[in-house]
Structures are given as structure tokens and as C-alpha cells.
Amino acid sequence: MFKMFEVHTMKKKLAEVEAYLEQALDFEHPVIRQYALDTLHAGGKRVRPTLSILTAGILENEDNIVPLAAAMELIHMCSLIHDDIVDQADTRRGRPTIQAQQGNQFAVHIGDYILTKALEIIQQQPNSQRLLQIMGNLSLEMCLGEVEQLRTVFDVGQTVEDYNYRIDRKTALLMATSCQAAAVVSNASEKEIDIFYKIGYNLGMDFQIRDDILDMEQDSRKLGKPAGSDLAHGIMTLPTILVLQKDWAGKEELLGFIQNRFTGGQAEVERAISMIIEQGGLQEAAVYAEGYLKQAEVYIDQLPEHPMRKLFLDGVNYLRGRAY
Amino acid sequence: MIFLLNLVPALRVKDVAIFDLLEQEFHYGEFIFFSQLAAHLGRIANISAKDAKEVGLLSELIYLSSKIHFFVAEKTDERTQCSALQMPVLIGDLLYSRFVVFLSEFGKVAYLPIYLEYLRQFNQQRIEDLQKQQDTVHTEYFVRLLSQKTAAVVASIAGGNGEMQNTLQTAAENFWQEQWALLYGKRVTSLADLEEQMLAAVI
């Protein structure tokens with residue numbers, strides 16, 4: 001019998017994922033439980049579980065999607081905890097990071113501990129061998145992206161292709177995999193799996209570009225971290241790369257700030273951001289982001305007729321207007 | 001004995017040689033310990049050389065990942081020195097990922113819970129140590145723990161009963177006592193050096 005899988009069902013499934021995550025992170029060890037649940041309760045958009053649920057919804061699979069969607073969020077959580085060590089971030093979503101509270105070693109082991117739970121859940125799903133291969137490769141690529149980011153800090157010679165390599169691994173692959181894995185547990189055809197993967201990938205590329213735009217556009221209160229923090233740490237995002245590719249008066253000053261690693265402090269970072277904005281870096285980056293959303297829409301159109309397909313398109317529009 | 005060479009390609013991901021990314025000094029010679037242990041246990045349990053080789057590699061990767069995360073630095077003063085702190089986090093994750101991929105490719109997903117149990121115990125103990133500012137987890141602790149888990153995996157592959165499991169656990173402990181100190185003292189400075197030392201071990 002055909003089941004309507006609409007907005008309220010979507011919300012219900014997301015609530016189930018949240019409850020599942022609460023239970024999954026309710027570890028026996030009180031300290032691990034505290035930090036794991038604090039990380040969960042810090043919020044987040046739950047974009048990855050949403051993508052998994054949408055995919056499974058279109059494929060009429062309501063049975064086993066909640067654990068997988070939760071596992072995708074756990075993998076994301078682990079990557080954030082480890083990223084905060086790599087980036088030496090003091091805050092995340094407006095709260096002190098684990099490494100800021102307890103140190104790098106403590107944080108790395110909390111992340112590893114949570115990852116064991118994610119793998120345990122995945123191992124219990126249908127097609128677990130393939131799922132683990134997908135997750136392992138995903139995680140491998142995410143690490144390579146981070147390694148590349150480390151190698152290229154304050155490198156002003158980066159191209160759009162270099163940037164794409166990094167954000168592909170930093171964000172897009174996990175979103176692509178959230179769709180792909182959901183399609184795999186739903187026993188989709190290879191063609192369908194591929195389409196879902198591409199939808200997630202394009203949404204992910206857009207998501208990260210807009211994140212990078214917001215990093216320069218928003219104040220720190222909305223971001224939950226200092227504005228322009230990527231640039232301050234030498235991470236060349238698309239607005240900066242695009243502006244540096246052009247010739248304009250004042251470019252040498254911007255290059256100097258970056259190459260000297262902002263020795264003048266936050267004032268120099270803010271001056272650099274102003275220059276990037278004045279040179280149209282944010283608008284030009286937004287054009288790239290829009291290109292990925294349009295590509296996502298092309299693939300969404302290839303999905304079978306289903307009420308959930310509309311929710312995918314709503315998601316595209318949400319990303320298009322995202323303000324935080 | 002050619003199985004020992006398996007770790008070398010496993011430590012190269014695409015064009016990136018994992019060893020070359022690490023700036024900290026490690027006693028790389030120990031990394032052939034688990035391959036040797038798995039081969040030894042495999043002979044006792046009468047499992048295939050292929051299975052023993054695969055178990056050895058899986059244990060090597062998870063051990064290496066644990067050890068690298070164990071030694072993540074706590075502080076760096078200069079931004080330029082940050083990679084010494086950051087790379088080990090990423091390389092540990094990279095090896096962890098490599099472990100998951102191989103586990104799947106070898107068709108050994110069923111043994112994942114045994115390895116996860118190792119990771120839970122190791123990480124939990126380490127977190128407790130950091131909280132209490134004590135030092136009960138050291139290299140010996142997690143090598144012995146993983147040796148026992150490696151024995152459990154080999155026993156599962158052999159389909160052995162409780163007696164077989166006990167035999168392998170004891171064999172793993174004895175092997176550790178006999179071989180660990182010998183391997184731990186060996187230094188390897190690069191991937192090429194590791195390969196050379198492994199070849200020397202084979203000869």
C-alpha cells in the first residue's frame with residue numbers, strides 16, 4: 001500500500017532520530033556521556049539525517065532509516081570534535097568546544113569513542129558490508145581534505161579547483177553519502193543510488209560555499225564563532241580566492257595581510273574582509289553556490305513522482321535563502 | 001612471510017604516504033608486531049594464511065591509529081607549529097578509516113564488534129586517565145589489549161570453542177612477552193625504511 005510520507009512524517013522521523021541519538025549517546029561512563037550529550041544538545045541543523053530520511057521516504061522505506069540517519073549525524077559530530085582540535089577552535093555553536101574545556105587529547109578520544117557507536121549502528125544495518133565500505137572511504141576522503149587544508153593555509157596561490165577539492169571532502173561527500181547510504185539500505189537500484197548521491201553532493205557544495213560566505217558576512221553572535229575566523233586561520237575560501245584572481249588597486253595590501261598572517265590582529269582581518277566584500281567576492285561566490293543548487297534541481301527532477309520530492313525542492317529553497 | 005609487506009601499501013593513500021606526514025617520532029618497528037602475532041595465532045588455530053594476513057593488517061591499522069591519537073600534543077605556541085598537533089589527529093582518523101575500508105573489503109565485517117570493544121576500552125580508559133590526571137594507559141596496555149582482541153578474532157574465524165579461545169589468548173600473551181621488546185627497539189624513519197626492515201625480517 002502506498003504510504004504518504006509528508007511533512008509531518010518527516011518531522012516525526014526527525015524526532016525519532018533525535019530520540020535515537022539521545023539513547024545512543026547515553027553511555028554508561030558518566031564523563032563520556034556528559035560530553036557526548038552536551039555536543040548533541042548544542043544543536044545543529046540535522047541536515048544529514050534530514051537528507052537520509054528524505055531519500056528513504058522517496059524510496060518508501062520507513063523501516064530502518066532512523067538508525068542510519070542517526071549514525072550519519074554521529075559521524076558528523078565526531079568530525080566536528082576532531083575539526084575543533086585541528087582548527088584550535090574555542091567555540092562551536094556558541095559553546096566552548098571540548099578541546100577548549102578539556103584539552104586536545106581528551107577531545108580526540110571522545111570523538112573516537114562516539115565513532116565506535118556510529119560504526120556499531122552501521123554494522124547492524126542491511127547491506128552493512130557495503131555501507132561500511134562507503135563510510136570508510138568517506139572518512140578517508142574527509143581526512144585527506146583536512147590534510148590538504150592544513151598544507152595550504154595562507155597559500156594565496158590557490159585556485160577554485162583547489163577550493164573545490166577541499167570543500168568536496170569537508171562537506172559535500174558527507175551530505176552525498178547521507179543520501180547514498182539511505183538509498184543503499186532502502187535497496188534502491190544503482191541508478192537511483194547514483195542520482196541521490198549527486199543530489200546530496202550538489203547540496204553539500206552549495207552548503208559549504210554559503211557557509212564560507214556567511215563566515216565573512218555575519219557577526220559572531222549569529223555564527224557562534226568569530227566572524228572571518230577561516231581567513232584569520234589562513235583558510236582560503238571561495239570569496240577570497242575569487243578576489244585574489246582579479247587585478248585591482250589594493251590587492252597588494254590584501255595579499256600582504258594574508259602572507260604576513262595578520263600580524264596586526266583582528267583589525268587587519270576585518271579590513272581584509274571589507275576589501276573582499278567591496279571587490280564583490282561574496283556575490284561572485286554566491287553565483288557558484290547557485291550553480292550547484294541548480295544542478296541539484298536537475299537531479300531532483302529525475303526522481304520518481306513522490307510527495308517527498310517536493311520536500312527536497314523545499315530544501316533547495318531553504319539553502320538558497322539561508323541566513324545562518 | 002610475504003604477508004608482512006601488506007602494511008606498506010596500506011600506509012599509502014592515493015599519492016599521500018602517511019608516514020611522510022608525521023612529524024613526530026615513533027618506534028615504527030613495532031608495527032609489524034600484529035602481522036606476526038596474527039600469523040602465529042593463525043597457525044595454532046589452523047586458519048588460512050590469507051585470513052591471518054588480513055587480521056594482522058586490520059590489527060596493525062587500528063593499533064597505529066590508537067597510538068597516534070594517544071600521542072596528540074596538548075599545546076602549541078606558534079601557529080607555524082600547529083601541524084605537529086593537527087596532523088596526528090588527521091592521520092589517526094585516516095588510519096581508522098583505512099581500517100574500516102579493509103574490514104569491509106576483506107569481508108570481515110562480522111568481526112567489527114571485537115575491534116570496537118578494543119576501541120571502547122582503550123578510549124574510555126584514556127579519558128579516565130586524563131580526567132584523573134593519572135597514567136595507567138601506556139603502549140604496553142593497549143598492545144596487550146589489542147593482542148587479546150586479535151586472538152578473539154582469530155578464534156572466531158576458526159570457529160573455535162572456549163578452549164580454543166583460551167589457548168589463543170595464552171598464546172597471544174606469550175607471544176607479546178617474547179617478541180614485543182625485540183620489535184619495539186627497532187626504529188624506522190620512513191615508509192621505504194619500513195619496507196626494507198620488513199624485507200630484512202623476512203630474509
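# Briefing: chains A and B of a predicted complex

Chain B has a mean pLDDT of 80, and 70% of its residues reach 70 or more. The model is predicted, and the predictor assigns the complex an ipTM of 0.86 and a pTM of 0.87.

**Confidence**

- Residues 1-5 of chain B have pLDDT under 50 throughout.
- For this stretch, residues 1-5 of chain B, the model has 13 contacts beyond four places in sequence.
- Where pLDDT is low, predicted coordinates should not be read in detail.

**Build of chain B**

- Chain B contains nine helices and two strands.
- Along the sequence, the elements of chain B run α-β-β-α-α-α-α-α-α-α-α.
- Chain B has 203 residues, of which 44% count as buried.
- Among the contacts in chain B with a separation of 6 or more, 74% join residues 24 or more positions apart.

**Contact between chain A and chain B**

- Chain A gives 35 residues to the contact, and chain B gives 36 residues.
- On the side of chain B that touches chain A, helix H5 (82-105) and helix H6 (112-132) of chain B each supply at least two residues.
- H5(B) provides the largest share of that side, with 16 residues.
- By class, the side of chain B that touches chain A has 20 nonpolar, nine polar and seven charged residues.

**Helices H4 and H6 of chain A**

- Two packed helices are described by the angle between their axes and the distance between the axes.
- Helix H4 (residues 65-86) of chain A packs against helix H6 (residues 104-123) of chain A at an angle of about 165 degrees, and the axes are 9 Å apart.
- Angles over 145 degrees count as roughly antiparallel, and H4(A) and H6(A) are therefore roughly antiparallel to each other.
- The crossing of H4(A) and H6(A) is left-handed.
- H4(A) contributes residues including Pro67(A), Ala70(A), Leu74(A), Cys78(A), Ile81(A) and Ile85(A) to this contact.
- From H6(A), the contributing residues include Asn104(A), Ala107(A), Gly111(A), Ile114(A), Ala118(A) and Ile122(A).
- The contact of H4(A) with H6(A) is made up of 17 nonpolar, three polar and two charged residues.

**Gly56 of chain B**

- Gly56(B) sits in helix H4 (residues 49-70) of chain B.
- Gly56(B) counts as buried because it has 27 C-beta neighbours inside 10 Å, where 20 or more are needed.
- Between Gly56(B) and Gln125(B) there are 69 residues of separation in sequence and 24 Å in space, C-alpha to C-alpha.

**Positive phi in chain A**

- Arg93(A) is not a glycine, although its phi is positive, at about 50 degrees.
- The loop that holds Arg93(A) runs between strand E1 (91-92) and strand E2 (95-96) of chain A.
- Arg93(A) has 14 other C-beta atoms within 10 Å, so it is partly exposed.
- Arg261(A), also a residue other than glycine, has a positive phi near 60 degrees.
- Arg261(A) lies in the loop between helix H13 (251-259) and helix H14 (266-278) of chain A.
- With 15 other C-beta atoms within 10 Å, Arg261(A) is partly exposed.

Technical notes: Residues are numbered from 1 along each chain as its sequence is written. Chains are lettered from A and ligands numbered from 1 in the order in which they are written. This is a predicted model: local features need pLDDT of at least 70, side-chain atom pairs count only at pLDDT 80 or more; totals for chains, interfaces and linings use all residues. Two residues are in contact if their C-beta atoms, placed from the backbone, lie within 7 Å. Helices (H or I, at least four residues) and strands (E, at least two) are DSSP runs, numbered from the N terminus. Ala, Val, Leu, Ile, Met, Phe, Trp, Tyr, Cys and Pro count as nonpolar, Asp, Glu, Lys and Arg as charged, and the others, Gly among them, as polar. A residue is buried if 20 or more other C-beta atoms lie within 10 Å of its own, exposed if 12 or fewer, and partly exposed in between; C-beta atoms are placed from the backbone. Axes are lines fitted to C-alpha atoms, for helices over the stretch in contact, and angles run from 0 to 180 degrees between N-to-C directions. Angles under 35 degrees count as roughly parallel, over 145 as roughly antiparallel, 65 to 115 as roughly perpendicular and the rest as oblique. A crossing is left-handed if the near helix is turned anticlockwise from the far one by less than a right angle, and right-handed if clockwise. pLDDT is the predictor's confidence in each residue, from 0 to 100.
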